[in-house]
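Me: Here is a structure. Please go through the terms used for it and hold each one against its cut-off.

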Amino acid sequence: MYGANIEAMTKDSPISDWNEIIKTKKAVRASDRIVCGNVIAEYKDNIIIVHGEYVSHQHMIPKSKVDSCDGEELHLNIPYSMLSRFDF
């Protein structure tokens, strides 16, 4: 797992510092390498991502769908086509 603190990892989330991810509004990329947006918040066991410049879309993604963070981007373990299931 890139950039993750091994001591703080759980089976549900490979990320140790969600505050840093949110503060820096990390880019999010789906498993098929398509950019999904940026992390803007955390809610319980989910992250909130937003994408779109003029018409924004928000998604509440379970942290269990996050595969890794390489320091620049958060990588999901689901394809872009599944994002609409997490619209809110």
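**Salt bridges, burial and the core**

Reply: Glu42 and Lys63 form a salt bridge in which the closest N and O atoms are 2.3 Å apart. Glu42 belongs to strand E2 and Lys63 to the loop between E4 and E5, so the pair ties together parts that are 21 residues apart in sequence. The model is predicted: local features need pLDDT of at least 70 and side-chain atom pairs pLDDT 80 or more, while totals for chains, interfaces and linings use all residues. Numbering starts from 1 along each chain as its sequence is written, and side-chain values use heavy atoms, with hydrogens and water left out.

Me: Why is the pair of Glu42 and Lys63 called a salt bridge?

Reply: The term requires a side-chain nitrogen of Lys or Arg within 4 Å of a carboxyl oxygen of Asp or Glu. Glu42 and Lys63 have their closest N and O atoms 2.3 Å apart, so the pair meets that definition. Side chains of opposite charge can pair when their charged atoms come close.

Me: How do you know whether Glu42 and Lys63 are buried or exposed?

Reply: Buried means under 20% relative accessible area, exposed over 50%, and partly exposed in between (1.4 Å probe, protein chains only). Glu42 has 34% and is therefore partly exposed, whereas Lys63 has 10% and is therefore buried.

Me: How many salt bridges does the structure hold?

Reply: The structure holds 3. One of them joins Glu73 to Arg29, with the closest N and O atoms 3.0 Å apart. Glu73 lies in strand E6 and Arg29 in strand E1 (residues 27-29), so this pair links parts 44 residues apart in sequence. Both Glu73 and Arg29 are buried. Another joins the side chains of Glu20 and Lys23 at 3.6 Å, N to O.

Me: What separates Glu20 and Lys23 in helix H1?

Reply: Glu20 and Lys23 are 3 residues apart in helix H1, which means about one helical turn between them. Helices (H or I, at least four residues) and strands (E, at least two) are DSSP runs, numbered from the N terminus. Glu20, at 35% relative accessibility, is partly exposed, and Lys23, at 63%, is exposed.

Me: Why does His59 count as buried?

Reply: The relative accessibility of His59 is 3%, and therefore His59 falls in the buried class. His59 is found in strand E4 (residues 57-62).

Me: What makes the pairing of His59 and Asp87 a polar contact?

Reply: A polar contact is a pair of N or O atoms within 3.5 Å; within protein, one must be able to donate a hydrogen and the other to accept it, and residues adjacent in sequence count only if both atoms are side-chain atoms. The side chains of His59 and Asp87 are joined at 2.6 Å, so the distance is within the limit. The side chain of His59 also makes a polar contact with that of His51, at 3.0 Å.

Me: Which residues touch the most other members of the largest nonpolar core?

Reply: They are Val39, Ile47, Ile49, Leu74 and Leu76, in a core of 18 residues. Helix H1 (18-23) and strands E2 (35-43), E3 (46-51), E5 (66-69) and E6 (73-76) each supply at least two residues of this core. H1 gives the most, with 3 residues. The term means a set of buried Ala, Val, Leu, Ile, Met, Phe, Trp, Tyr and Cys residues joined through side-chain atoms within 4.5 Å.

Me: What is Ile47 in contact with, leaving aside its neighbours within four places in sequence?

Reply: Contact means heavy atoms within 4.5 Å. The partners of Ile47 include Trp18, Val39, His59, Val66 and Leu74.
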